[in-house]
Amino acid sequence: MTTRTHEFQAEASQLLDLVIHSLYSHEEVFLRELVSNASDALDKLRFGALTDDGLKGLDQDLAIRFEVDQAARTLAVIDNGIGMDEAELMANLGSIASSGTRRFLDELAASKKADVPELIGRFGVGFYAAFMVADEVVVTTRKAGTEAGWRWSSKGDGSYTIEEADVPTHGTRVELKLSALDGEREDTKDFTQEWVLRETVRRYSDFVEYPIQMEVERVDRAEEEGGEDTVRTETITLNSMRPLWTKPRSEVSTEEYAEFFKHLAHEWRDPLETIHFKAEGTAEYSALLFVPSAARMNLFDPEGPKSGVQLYVRRVFISDSVEDLVPVWLRFLVGVVDSSDLPLNVSRETLQYTKQLGQIRKRITRKAVDTFKKLCSERREDWEGFWKELGPAVKEGLYFETDLAAELAEACLFRSTNGDGFTTLDEYLARRPEGQESIYVITGPDAASIEHSAHLEAYRAKGYEVLLLSDHVDEFWLTKLNAFRDVPLRAIHKGESDLSDDGAKEELAKKEEESRDLLDAVGTAIGDGVSGVGFSSRLVDSPAVLVVEEGAAAPHVERAMRASGQGMGPEQKRRLELNPEHAVVKKLGALREQDPARFDRHCQVLLGQALLAEGSPLPDAAGFTKLVTELLAE
Ligand SMILES: Nc1ncnc2c1ncn2[C@@H]1O[C@H](COP(=O)(O)OP(=O)(O)OP(=O)(O)O)[C@@H](O)[C@H]1O
């Protein structure tokens, strides 16, 4: 037998170097590449057996096998697929970046055969990833339908050898002589260990269509003391092979969906809803997405994962952090998108932002919004359970989805002054009394402080319902969504109140004019904490309230943003509004004349109370307490 040594094609050495040292960020992906090649080889044989008489019947028991020798530190990936003859071996493994799979697809396309199999290989570099973990790779192969076998070997150093070899059956065996373990490196994995192989397969190749098997030894402990343990070998299958998303909906049971969700989400609760569809046309892909019933732990952590949806290309895992696949506000969705034609880069680790990706994202968003609307109208109780945990995330969508916000708003739930339960905007509108022309909302740091806010008094008195918004995101989406079904949304704690008619407004302005002197004195007494002092039409029971400028951020949001280090310029000052009908306010004029020192303290207490009532911290809590105690003592 002759052994021929060949140089890799020109520039191949450099390319090889690139593949080994810089293309992939995780060395374990070599296994994904070899398994994908084996899977392609099995696909090719299965396809060949349909169309080629010489291959008929050879597509039996198609499988991928791992063989491990721990002592010799070898790992073999074996398939009983199409195999290669000498010329193919040279063409495919002798020249980097010349993909036989690409050629196969091109040839098929040229001959326009139907049922083209969905092959994984595209670039012709994946195989060489083996050299990231191996000192030497030996490929023995026999092309299906032929008798001659071949042995290819290389140390990944610029040359390879090919010789004839005895190969008992068709298919390919890729044997890696694994490099010695590097004790210095913590991330080095030992690919002779069953658990390492198991984990790697589960991560990247779980849904490859063929079984990935290996023989393992299991020890049965002796039943009696002093008895002999028995060792037996067992063939285990490492992948689940069940890419549910490729099946039609009608063939998947609710239990199977739920089990798959739990597997993906590491969850024990059932999903709330399943979204499963297949898209054809410009972008071809399947999507299987789940709406969870509860939020995962770090969902609202700004450093947490931005997506719960994994991207697969032709059943092989690519990434679980593809930005742009699903909008960030939908990061609670869990699932899989499997595309057959997304343009990946060579390492399969990233994909360029493409129009296709944009289309997938748009479609998923649309489906999600439709699903939420349906859940809200048809499964209200479940939706409320979901909303308690995940409502804030959905409301982020009101901010980000300019086109869909109005529809998304239909599925949003709110607390209101109407009672304990949740209400939708439509239900709110249906209850609206004659004459109410806005949807009234108030935001605040927590439910308790807004429920007792002085701002609500006049609205309550008029019988107008107000939505109580205490999630951080509320301030943000309110800047985008200005109306619902053409009824404007109005924040009642900001800007001018719209409750009073023109006549009443004029009267209030007149009153302010008459008391200008007194109001200025209040301003002086409380220092420069406020932007101005005036009279209010919003109050019934409370003497005073602080009002944000129209369009400005509410104080709790301003505080939160400052706390998270987001600069917001100088602190905003707000307007102090006094209730001209309140006994305390009525007394202020006389007090100012009789006891100016006490007047000052009264004004400071009024400001402090207004801050406390809205849930804001006092700038000087100890001073305030002292002040109140003194006034009580007098
Ligand atoms: N187990 C195998 N059985 C048969 N042919 C194989 C096998 N492994 C590799 N080949 C052939 O070698 C070629 C090169 O493999 P390689 O993994 O480098 O590239 P690829 O799979 O085509 O593309 P990609 O870089 O996308 O993985 C393949 O296209 C295929 O024709």
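**Exercise 1.** Leaving aside its neighbours within four places in sequence, which residues is D79 in contact with?

*Solution.* The structure is a predicted model, in which local features need pLDDT of at least 70, side-chain atom pairs count only at pLDDT 80 or more, and totals for chains, interfaces and linings use all residues. Residues are numbered from 1 along each chain as its sequence is written.

Step 1. Apply the criterion: two residues are in contact if their C-beta atoms, placed from the backbone, lie within 7 Å.

Step 2. With neighbours within four places in sequence set aside, the contacts of D79 are A38, A41, L42, I64, G171 and T172.

Step 3. Locate the residue: D79 belongs to strand β3 (residues 74–79). Strands here are DSSP runs of E with at least two residues, numbered from the N terminus.

**Exercise 2.** Determine whether D79 and T172 are buried or exposed, and check them against the UniProt record.

*Solution.* Step 1. A residue is buried if 20 or more other C-beta atoms lie within 10 Å of its own, exposed if 12 or fewer, and partly exposed in between, with C-beta atoms placed from the backbone.

Step 2. D79 is buried because it has 27 C-beta neighbours inside 10 Å. T172, in strand β7 (residues 171–178), is buried because it has 25 such neighbours.

Step 3. Beyond four places in sequence, T172 is in contact with A41, D79, G81, G83, M84, V139 and T141.

Step 4. An unreviewed UniProt entry lists residues under "binding site", among them D79, M84 and T172. UniProt positions follow the numbering used here, feature names are shortened, and annotations may be inferred rather than shown by experiment.

**Exercise 3.** Describe the pairing of strand β12 (residues 309–313).

*Solution.* Step 1. Two strands pair if DSSP finds at least two bridges between them.

Step 2. β12 and strand β14 (residues 334–339) run parallel, joined by five bridges; L311 is opposite V337 there.

Step 3. β12 and strand β13 (residues 316–319) run antiparallel with three bridges, and Y312 has F317 as its bridge partner.

Step 4. Two residues separate β12 from β13 in a hairpin, and R314 in the turn has a positive phi of about 50 degrees.

Step 5. Four of the five residues of β12 are buried.

**Exercise 4.** Which strands stand at the edges of the open sheet of six strands?

*Solution.* Step 1. The order is β16-β15-β18-β17-β20-β19, with mixed pairing.

Step 2. β16 (419–423) and β19 (483–484) each have a single partner strand, so one side of each lacks a neighbour in the sheet.

Step 3. Within the order, β17 (residues 439–443) and β18 (residues 466–469) run parallel with four bridges; Y440 is partnered by V466 in β18.
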